[in-house]
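Please consult the sequence and the three-dimensional view while reading.

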Amino acid sequence: MDLLKEILEHLQHGDDEKVTALTKKALEEKIQPKDILDKGLIAGMNIIGEKYKAHEIFLPDVLLAAKAMYAGMDLLKPLFIQEGIPTIGKVIIGSVHGDLHDIGKNLVGIMLKGAGFEVINLGNNVTPEKFIETAQQENAAVIGMSALLTTTMPVMKRVVDLLKEKGLSGRIKIIIGGAPVSEEFAQEIGADAYGYDSVNAVETVTRLMSKSR
Ligand code: B1M
(Lines give C-alpha, C1' and ligand atoms only; values in the text may rest on other atoms or scores of the structure.)
Protein backbone atom coordinates (compact mmCIF):
# COMPACT_ATOMS: atom_id res chain seq x y z
CA MET A 1 0.00 0.00 0.00
CA ASP A 2 1.41 3.44 -0.80
CA LEU A 3 2.25 5.80 2.04
CA LEU A 4 -0.51 8.32 1.38
CA LYS A 5 -3.11 5.57 1.32
CA GLU A 6 -1.72 4.28 4.63
CA ILE A 7 -2.02 7.75 6.17
CA LEU A 8 -5.61 7.96 4.93
CA GLU A 9 -6.43 4.55 6.45
CA HIS A 10 -4.78 5.13 9.84
CA LEU A 11 -6.34 8.59 10.14
CA GLN A 12 -9.73 6.95 9.78
CA HIS A 13 -8.86 4.61 12.65
CA GLY A 14 -7.87 7.61 14.76
CA ASP A 15 -4.34 6.27 15.17
CA ASP A 16 -2.41 9.50 15.76
CA GLU A 17 0.89 7.75 16.49
CA LYS A 18 0.77 5.85 13.19
CA VAL A 19 -0.24 9.01 11.31
CA THR A 20 2.73 10.85 12.87
CA ALA A 21 5.15 8.07 11.94
CA LEU A 22 3.82 7.75 8.40
CA THR A 23 3.82 11.51 7.82
CA LYS A 24 7.48 11.61 8.93
CA LYS A 25 8.26 8.73 6.59
CA ALA A 26 6.47 10.42 3.68
CA LEU A 27 8.50 13.58 4.25
CA GLU A 28 11.73 11.55 4.37
CA GLU A 29 10.73 10.01 1.05
CA LYS A 30 10.38 13.56 -0.35
CA ILE A 31 6.64 13.37 -0.93
CA GLN A 32 5.37 16.96 -1.27
CA PRO A 33 3.78 18.30 1.96
CA LYS A 34 0.79 19.52 -0.09
CA ASP A 35 0.21 15.96 -1.40
CA ILE A 36 0.47 14.51 2.13
CA LEU A 37 -2.13 17.05 3.24
CA ASP A 38 -4.55 16.72 0.30
CA LYS A 39 -4.24 13.02 -0.60
CA GLY A 40 -3.59 11.67 2.92
CA LEU A 41 -4.96 13.82 5.74
CA ILE A 42 -7.81 15.75 4.07
CA ALA A 43 -8.85 12.76 1.95
CA GLY A 44 -9.07 10.64 5.12
CA MET A 45 -11.09 13.30 6.91
CA ASN A 46 -13.51 13.53 3.97
CA ILE A 47 -14.17 9.78 4.18
CA ILE A 48 -14.79 10.18 7.93
CA GLY A 49 -17.38 12.86 7.06
CA GLU A 50 -19.15 10.54 4.64
CA LYS A 51 -19.19 7.64 7.12
CA TYR A 52 -20.46 9.90 9.89
CA LYS A 53 -23.23 11.16 7.62
CA ALA A 54 -24.21 7.57 6.80
CA HIS A 55 -24.27 6.76 10.56
CA GLU A 56 -21.55 4.15 10.01
CA ILE A 57 -19.41 5.76 12.73
CA PHE A 58 -20.09 7.98 15.75
CA LEU A 59 -18.82 11.26 17.21
CA PRO A 60 -15.96 9.75 19.28
CA ASP A 61 -14.62 8.19 16.06
CA VAL A 62 -14.73 11.60 14.38
CA LEU A 63 -12.90 13.19 17.33
CA LEU A 64 -10.16 10.58 17.22
CA ALA A 65 -9.75 11.08 13.48
CA ALA A 66 -9.52 14.85 14.04
CA LYS A 67 -6.77 14.24 16.64
CA ALA A 68 -4.87 12.12 14.12
CA MET A 69 -5.35 14.84 11.49
CA TYR A 70 -3.77 17.38 13.86
CA ALA A 71 -0.86 15.01 14.55
CA GLY A 72 -0.05 15.00 10.84
CA MET A 73 -0.70 18.71 10.41
CA ASP A 74 1.72 19.53 13.26
CA LEU A 75 4.54 18.05 11.20
CA LEU A 76 3.53 19.80 7.99
CA LYS A 77 2.86 23.19 9.58
CA PRO A 78 6.48 24.38 9.79
CA LEU A 79 6.98 23.45 6.15
CA PHE A 80 4.09 25.64 5.06
CA ILE A 81 5.29 28.52 7.21
CA GLN A 82 8.56 30.00 6.05
CA GLU A 83 10.27 31.61 9.01
CA GLY A 84 11.34 35.20 8.95
CA ILE A 85 9.36 36.48 6.00
CA PRO A 86 8.08 40.03 6.52
CA THR A 87 4.35 40.25 7.15
CA ILE A 88 2.30 41.72 4.37
CA GLY A 89 -0.82 42.47 6.41
CA LYS A 90 -2.83 41.37 9.41
CA VAL A 91 -5.73 38.92 9.26
CA ILE A 92 -8.07 37.94 12.09
CA ILE A 93 -9.49 34.44 11.74
CA GLY A 94 -11.96 32.36 13.73
CA SER A 95 -14.81 29.88 13.60
CA VAL A 96 -18.07 31.68 14.24
CA HIS A 97 -20.08 31.64 17.46
CA GLY A 98 -21.69 28.22 18.05
CA ASP A 99 -19.22 26.44 15.78
CA LEU A 100 -16.52 24.22 17.27
CA HIS A 101 -15.10 22.96 13.96
CA ASP A 102 -11.63 24.37 13.57
CA ILE A 103 -9.54 22.05 11.40
CA GLY A 104 -10.23 23.86 8.10
CA LYS A 105 -9.94 27.29 9.69
CA ASN A 106 -6.58 26.37 11.21
CA LEU A 107 -5.42 25.12 7.83
CA VAL A 108 -6.37 28.47 6.32
CA GLY A 109 -4.36 30.15 9.11
CA ILE A 110 -1.30 28.02 8.41
CA MET A 111 -1.43 28.79 4.68
CA LEU A 112 -1.89 32.52 5.30
CA LYS A 113 1.11 32.56 7.65
CA GLY A 114 3.10 30.65 5.07
CA ALA A 115 2.23 33.33 2.52
CA GLY A 116 3.61 36.07 4.82
CA PHE A 117 0.46 37.37 6.54
CA GLU A 118 0.34 38.04 10.26
CA VAL A 119 -2.50 35.86 11.51
CA ILE A 120 -4.41 36.30 14.76
CA ASN A 121 -6.35 33.10 15.32
CA LEU A 122 -9.23 33.67 17.74
CA GLY A 123 -10.06 29.97 17.85
CA ASN A 124 -13.62 28.70 17.65
CA ASN A 125 -16.99 29.88 19.00
CA VAL A 126 -16.05 33.51 18.31
CA THR A 127 -18.75 36.14 18.84
CA PRO A 128 -19.36 38.89 16.25
CA GLU A 129 -18.27 41.50 18.81
CA LYS A 130 -14.97 39.70 19.43
CA PHE A 131 -14.16 39.56 15.70
CA ILE A 132 -14.74 43.27 15.30
CA GLU A 133 -13.14 44.45 18.57
CA THR A 134 -9.99 42.48 17.78
CA ALA A 135 -9.83 43.72 14.20
CA GLN A 136 -10.10 47.31 15.46
CA GLN A 137 -7.56 46.87 18.26
CA GLU A 138 -5.09 45.13 15.98
CA ASN A 139 -5.72 47.43 13.03
CA ALA A 140 -6.31 44.36 10.85
CA ALA A 141 -7.22 44.69 7.20
CA VAL A 142 -9.19 41.43 6.91
CA ILE A 143 -11.51 39.30 9.05
CA GLY A 144 -11.75 35.63 7.98
CA MET A 145 -14.67 33.59 9.29
CA SER A 146 -15.26 29.87 9.07
CA ALA A 147 -18.53 27.94 9.56
CA LEU A 148 -19.10 24.21 9.15
CA LEU A 149 -22.68 24.09 10.37
CA THR A 150 -25.64 25.44 8.42
CA THR A 151 -27.00 26.65 11.77
CA THR A 152 -24.00 28.91 12.42
CA MET A 153 -23.83 30.51 8.97
CA PRO A 154 -26.21 33.35 9.99
CA VAL A 155 -23.58 34.54 12.51
CA MET A 156 -21.48 35.58 9.52
CA LYS A 157 -24.20 38.00 8.45
CA ARG A 158 -24.28 39.46 11.98
CA VAL A 159 -20.57 40.28 11.70
CA VAL A 160 -21.07 41.90 8.28
CA ASP A 161 -24.00 43.94 9.64
CA LEU A 162 -22.16 44.97 12.80
CA LEU A 163 -19.18 46.10 10.76
CA LYS A 164 -21.54 48.21 8.66
CA GLU A 165 -23.21 49.69 11.77
CA LYS A 166 -19.81 50.71 13.06
CA GLY A 167 -18.97 52.39 9.75
CA LEU A 168 -16.05 50.02 9.16
CA SER A 169 -17.23 48.32 5.96
CA GLY A 170 -14.71 48.78 3.20
CA ARG A 171 -11.91 49.54 5.64
CA ILE A 172 -11.98 46.03 7.10
CA LYS A 173 -12.72 43.38 4.47
CA ILE A 174 -14.51 40.12 5.20
CA ILE A 175 -13.78 36.68 3.71
CA ILE A 176 -15.90 33.67 4.63
CA GLY A 177 -15.45 29.96 4.08
CA GLY A 178 -16.34 26.46 5.24
CA ALA A 179 -18.06 23.46 3.67
CA PRO A 180 -21.69 24.76 3.66
CA VAL A 181 -20.70 28.31 2.63
CA SER A 182 -20.75 29.45 -1.00
CA GLU A 183 -19.99 32.39 -3.25
CA GLU A 184 -23.74 33.06 -3.50
CA PHE A 185 -24.10 33.13 0.28
CA ALA A 186 -21.16 35.54 0.55
CA GLN A 187 -22.85 37.89 -1.92
CA GLU A 188 -26.23 37.49 -0.22
CA ILE A 189 -24.91 38.60 3.19
CA GLY A 190 -22.63 41.31 1.80
CA ALA A 191 -19.25 39.70 2.63
CA ASP A 192 -16.37 40.90 0.47
CA ALA A 193 -15.24 37.45 -0.59
CA TYR A 194 -15.59 33.67 -0.35
CA GLY A 195 -12.69 31.23 -0.15
CA TYR A 196 -13.39 27.63 -1.13
CA ASP A 197 -10.21 26.13 0.28
CA SER A 198 -7.04 27.19 2.09
CA VAL A 199 -5.06 27.88 -1.10
CA ASN A 200 -7.89 29.91 -2.58
CA ALA A 201 -8.23 31.76 0.76
CA VAL A 202 -4.62 32.96 0.43
CA GLU A 203 -5.21 34.17 -3.14
CA THR A 204 -8.42 35.89 -2.10
CA VAL A 205 -6.95 37.59 1.00
CA THR A 206 -4.03 38.80 -1.14
CA ARG A 207 -6.54 40.32 -3.57
CA LEU A 208 -8.54 41.92 -0.72
CA MET A 209 -5.37 43.40 0.80
CA SER A 210 -4.33 44.98 -2.49
CA LYS A 211 -7.80 46.56 -2.75
CA SER A 212 -7.68 47.95 0.80
CA ARG A 213 -4.33 49.68 0.27
CO1 B1M B 1 -19.01 17.91 12.80
N2 B1M B 1 -20.34 18.15 11.39
N3 B1M B 1 -20.40 18.21 14.15
N4 B1M B 1 -17.60 17.56 14.06
N5 B1M B 1 -17.95 17.39 11.33
C6 B1M B 1 -19.86 18.18 10.01
C7 B1M B 1 -19.54 19.60 9.58
C8 B1M B 1 -21.10 17.56 9.22
C9 B1M B 1 -21.18 18.00 7.75
C10 B1M B 1 -21.04 16.01 9.36
C11 B1M B 1 -22.16 15.32 8.63
O12 B1M B 1 -23.27 15.28 9.10
N13 B1M B 1 -21.87 14.77 7.48
C14 B1M B 1 -22.30 18.06 10.10
C15 B1M B 1 -22.89 19.42 9.73
C16 B1M B 1 -24.25 19.30 9.07
C17 B1M B 1 -24.81 20.63 8.73
O18 B1M B 1 -24.71 21.60 9.40
N19 B1M B 1 -25.47 20.65 7.60
C20 B1M B 1 -21.66 18.08 11.49
C21 B1M B 1 -22.39 18.04 12.71
C22 B1M B 1 -23.90 17.87 12.59
C23 B1M B 1 -21.78 18.17 13.96
C24 B1M B 1 -22.45 18.20 15.34
C25 B1M B 1 -23.76 19.01 15.43
C26 B1M B 1 -22.67 16.73 15.75
C27 B1M B 1 -23.42 16.53 17.06
O28 B1M B 1 -22.98 16.95 18.10
N29 B1M B 1 -24.56 15.91 16.92
C30 B1M B 1 -21.33 18.79 16.24
C31 B1M B 1 -21.41 20.32 16.31
C32 B1M B 1 -20.42 20.92 17.25
C33 B1M B 1 -20.37 22.43 17.10
O34 B1M B 1 -19.64 22.93 16.27
N35 B1M B 1 -21.16 23.15 17.91
C36 B1M B 1 -20.12 18.36 15.49
C37 B1M B 1 -18.89 18.09 16.09
C38 B1M B 1 -17.75 17.69 15.43
C39 B1M B 1 -16.46 17.29 16.15
C40 B1M B 1 -16.16 18.12 17.38
C41 B1M B 1 -16.60 15.84 16.54
C42 B1M B 1 -15.41 17.40 14.98
C43 B1M B 1 -14.69 18.77 14.92
C44 B1M B 1 -13.29 18.71 15.48
C45 B1M B 1 -12.54 19.97 15.17
O46 B1M B 1 -12.78 20.69 14.20
N47 B1M B 1 -11.60 20.23 16.04
C48 B1M B 1 -16.30 17.29 13.74
C49 B1M B 1 -15.82 17.00 12.43
C50 B1M B 1 -14.35 16.67 12.33
C51 B1M B 1 -16.66 17.02 11.29
C52 B1M B 1 -16.34 16.59 9.84
C53 B1M B 1 -16.37 15.07 9.81
C54 B1M B 1 -15.03 17.06 9.23
C55 B1M B 1 -14.80 18.57 9.23
C56 B1M B 1 -13.36 18.83 8.85
O57 B1M B 1 -12.55 19.09 9.70
N58 B1M B 1 -13.05 18.69 7.54
C59 B1M B 1 -17.56 17.24 9.04
C60 B1M B 1 -17.95 16.49 7.78
C61 B1M B 1 -17.28 17.07 6.55
O62 B1M B 1 -17.08 18.26 6.44
N63 B1M B 1 -16.98 16.22 5.60
C64 B1M B 1 -18.55 17.50 10.11
C65 B1M B 1 -11.69 18.83 7.03
C66 B1M B 1 -11.37 20.32 6.80
C67 B1M B 1 -9.96 20.43 6.25
O68 B1M B 1 -12.30 20.81 5.85
O69 B1M B 1 -13.41 22.37 7.52
O70 B1M B 1 -14.38 22.05 5.18
P71 B1M B 1 -13.20 22.12 6.09
O72 B1M B 1 -12.26 23.31 5.58
C73 B1M B 1 -11.87 23.47 4.23
C74 B1M B 1 -12.81 24.38 3.43
O75 B1M B 1 -14.15 24.34 3.86
C76 B1M B 1 -12.18 25.72 3.52
O77 B1M B 1 -10.80 25.43 3.57
C78 B1M B 1 -10.56 24.22 4.29
C79 B1M B 1 -9.38 23.50 3.66
O80 B1M B 1 -9.66 23.14 2.33
N81 B1M B 1 -12.45 26.62 4.61
C82 B1M B 1 -12.25 27.97 4.45
C83 B1M B 1 -12.83 26.41 5.89
N84 B1M B 1 -12.90 27.55 6.57
C85 B1M B 1 -12.54 28.53 5.71
C86 B1M B 1 -12.40 29.91 5.90
C87 B1M B 1 -11.99 30.68 4.80
C88 B1M B 1 -11.74 30.10 3.56
C89 B1M B 1 -11.86 28.75 3.37
O90 B1M B 1 -11.82 32.00 4.89
C91 B1M B 1 -11.78 32.62 6.15
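## Secondary structure and basis of the model

Helices (H or I, at least four residues) and strands (E, at least two) are DSSP runs, numbered from the N terminus. By this definition the chain holds nine helices and five strands. Their order along the sequence is α-α-α-α-β-α-β-α-β-α-β-α-β-α.

The model is predicted: local features need pLDDT of at least 70, and side-chain atom pairs count only at pLDDT 80 or more, while totals for chains, interfaces and linings use all residues. Residues are numbered from 1 along each chain as its sequence is written, and side-chain values use heavy atoms, with hydrogens and water left out.

## Overall dimensions and surface

The radius of gyration, taken over C-alpha atoms, is compared with a globule rule of 2.2 Å times the number of residues to the power 0.38. For 213 residues a compact globule would have a value near 17 Å, and the 18 Å of the chain agrees with this. The C-alpha trace spans about 55 × 40 × 25 Å along its principal axes.

A residue is termed buried under 20% relative accessible area, exposed over 50%, and partly exposed in between (1.4 Å probe, protein chains only). Buried residues form 46% of the 213 residues in the chain.

## Domains and contacts

An automatic or database domain assignment supplies the domain bounds. The chain is divided into domain 1 (3–83) and domain 2 (90–212). Their contact, meaning heavy atoms within 4.5 Å, takes 12 residues from domain 1 and nine residues from domain 2. The domain centres, taken over C-alpha atoms, are separated by 25 Å.

Within the chain, 72% of the contacts with a separation of 6 or more join residues 24 or more positions apart.

## Selected residues

Thr204 lies in helix H9 (residues 198–212). Thr204 is buried, with a relative accessible area of 4%. Leaving aside residues up to four places away in sequence, Thr204 touches Ile175, Ala193 and Tyr194.

Most residues other than glycine have a negative phi. His55, which is not a glycine, has a positive phi of about 60°. His55 is placed in the loop between helix H3 (33–53) and helix H4 (59–80), and is exposed, with a relative accessible area of 65%. Asn139 also has a positive phi, near 55°. Asn139 belongs to the loop between helix H6 (128–138) and strand E3 (142–146), and is exposed at a relative accessible area of 66%.
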